[in-house]
Structures are given as C-alpha cells and as structure tokens.
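Please read the following walk through a single protein chain alongside the sequence and the coordinates.

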Amino acid sequence: WSEGLKPEVPVGYDLKGNSVPVYVYPEKASGGLFATVEDIATFAAAGMTKYTLTGQEILTAQSINELYKPVVGLNGYYSFVSDSYGFGHFIESLSNGYKAVWHGGQGHGWMTHFHSVPETGDGIVILTNSQRSWPLIAYILNDWAQWSGFTSVGMGKITTGIKLLWVIVGLFLLIFAWQVFRLGQGFISGSRQFAPLFRRSRNLWLVQCIISIVLLIILLWSLTRDYLFIFSVFPVASIWLMFSISLLALILLLSAIFPMVEE
C-alpha cells in the first residue's frame with residue numbers, strides 16, 4: 001500500500017455499517033496485499049490449465065494440477081461449502097464433473113472472493129468494501145455458475161442458509177404471536193393471574209424460566225462480541241433472529257409470571 005495508489009483504496013464498512021478507514025497491516029502477505037480486480041483475475045487465470053494467453057503461462061498444466069490435489073480435509077462450516085483444501089486453494093467437485101478452486105479474504109471493512117474452473121477457463125473475481133457481503137457474493141456466484149453452465153458452487157449454499165434462517169425467524173415470530181394471543185385471552189377471561197409460584201404450574205414455570213434465562217444469556221453474550229461469524233454470513237437475518245429470540249424469551253417469562261390459575 002502507498003498513498004499514491006490510483007484509484008484510491010475505497011472506504012470500507014463494518015458489520016454495523018460504520019465506515020472504516022484503510023487499515024495498513026504490518027505484514028505483506030495475508031491482509032497486507034492490495035490488488036485490483038485485474039490483478040486477481042490475472043492470478044486466477046494463471047492457475048488455469050486452459051490458459052488463453054499462449055506464451056505467457058507461469059506454470060505447466062501438470063504443476064497446476066499438483067496445486068489442486070486435496071491435501072487437508074475440512075471441518076466446521078467450511079466443510080459445507082468445499083470438499084477439501086489443496087496448496088492454497090479450497091477445492092470442490094461440480095455437478096458437471098469439473099473441479100472448481102477458490103479462495104476469499106476478509107478484513108475490517110472489506111471482503112473478497114475469487115472462484116475458477118481451471119479445466120474450462122471460467123473464473124470470477126468479486127471485491128467488496130463491506131463485511132456484510134457474504135450474501136451478495138453467494139448470489140453472484142450462483143448466477144455466475146448458471147451462466148457458466150453448471151448448477152451451483154458450494155458458496156452458493158449461503159443463499160439456502162439465508163432462506164432457512166428466515167423460516168426459523170418466521171416460526172419464532174409465529175410462536176410469539178400465538179403466545180401473546182393466549183396471554184391476552186387469559187387476561188381478558190381472568191384465567192391468568194400474577195402467581196409465579198402457583199403450585200399447580202410450578203414445573204412449567206421452572207421450564208419456562210430456564211429457557212428464558214438461557215435465551216437471554218445467549219443474546220447478551222452475542223451482543224458483547226466484537227465479531228460473530230453468523231453476523232457476517234447472515235447480516236440481516238441474524239439481526240431478526242436475535243430480535244425474535246428476545247421476544248420469545250420475554251413471552252416465556254411473562255407466561256411463567258402469569259400462569260393459568262383457572263381452567
């Protein structure tokens with residue numbers, strides 16, 4: 001990095017949407033390298049066995065294939081979007097039988113990704129100046145995959161995760177609405193009263209209190225974290241998830257405090 005870079009490095013934005021000035025890392029490798037779309041596209045193209053610029057190849061096809069041999073198995077969330085890891089690349093098998101390789105990077109205020117299919121010469125580079133970009137990257141990759149002639153790539157599963165998370169949020173909100181309706185009915189009929197230690201409902205009271213306390217502890221713990229992976233991958237849906245969980249915790253607590261004292 002230097003002050004003379006043209007065009008200038010764009011301002012980044014963190015998970016909360018706050019602007020982040022350019023951060024210059026002391027190291028020159030991971031996090032410390034600044035590059036343009038063209039730079040990274042050239043790098044990705046040089047790692048393709050079907051390289052179009054004859055006479056400008058960096059590695060032989062045999063050496064490139066050695067790079068993409070699985071070396072390390074994957075655990076955790078990366079195992080959902082890739083099959084293995086080679087020498088510097090995530091590796092996955094596509095539905096059309098070809099192999100895709102990819103890598104990404106993120107820092108405070110930016111996220112990047114490149115994906116390529118070395119055997120066909122297809123590739124894409126995505127640079128963003130926001131830490132809320134995983135959904136955008138996933139949707140772009142899905143469109144690129146379909147345009148390139150194969151159904152999807154592993155990173156595209158993020159879009160499925162987003163849909164599932166919205167279903168969970170919707171379910172939590174429905175449960176909350178149903179319980180509010182039941183509480184309202186109980187208050188109107190007089191069957192619910194302030195009696196937190198009512199003998200007949202003591203076991204239910206205990207269960208509701210424990211669940212409510214656990215949910216509140218999870219929420220408070222999440223709010224005190226500077227960074228959580230779920231907030232980066234699902235920046236909007238995760239906020240609604242926390243909101244729906246807080247409503248659930250509240251309604252469970254109210255249900256415990258105002259039990260049914262009459263049938």
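Predicted model: local features only at pLDDT ≥ 70, side-chain atom pairs only at ≥ 80, totals over all residues.

Residues are numbered from 1 along each chain as its sequence is written, and side-chain values use heavy atoms, with hydrogens and water left out.

The protein has seven helices and eight strands; these are DSSP runs numbered from the N terminus, helices being H or I of at least four residues and strands E of at least two. Its radius of gyration is 25 Å, well over the 18 Å that the globule rule gives for 263 residues, so the protein is more spread out than a compact globule. The radius is taken over C-alpha atoms, and the rule is 2.2 Å times the number of residues to the power 0.38. Along the principal axes, the C-alpha trace spans about 85 × 45 × 30 Å. Of the 263 residues, 37% are buried (under 20% relative accessible area, with exposed over 50% and partly exposed in between, using a 1.4 Å probe and protein chains only).

Strands pair if DSSP finds at least two bridges between them. Strand β5 (residues 90–93) runs antiparallel to β6 (residues 99–107), with four bridges joining them; Ile 91 stands opposite Val 101 of β6. Five residues lie between the strands of this hairpin, where Gly 97 has a positive phi near 95°. On to β7 (residues 110–117): seven bridges join this strand to β6, again antiparallel, and Trp 102 has His 115 in β7 as its bridge partner. The hairpin of β6 and β7 has two residues between the strands, and Gly 109 takes a positive phi near 110° there.

Helix α4 covers residues 157–189, and its 33 residues should span 48 Å at 1.5 Å a residue, which agrees with the 48 Å between its end C-alpha atoms. The expected span is 1.5 Å times one less than the number of residues. Buried residues of α4 include Ile 158, Leu 165, Val 169, Phe 176 and Leu 183. Among the elements covering the buried residues of α4 are α3 (134–148), α6 (229–233) and α7 (237–257). Gly 190 follows α4 and has a positive phi, near 85°.

Where does Ser 130 lie? Ser 130 is in the loop between β8 (122–128) and α3. Its relative accessible area is 17%, so Ser 130 is buried. Leaving out residues up to four places away in sequence, Ser 130 touches Tyr 13, Gly 109, Trp 110 and Met 111 (contact means heavy atoms within 4.5 Å).
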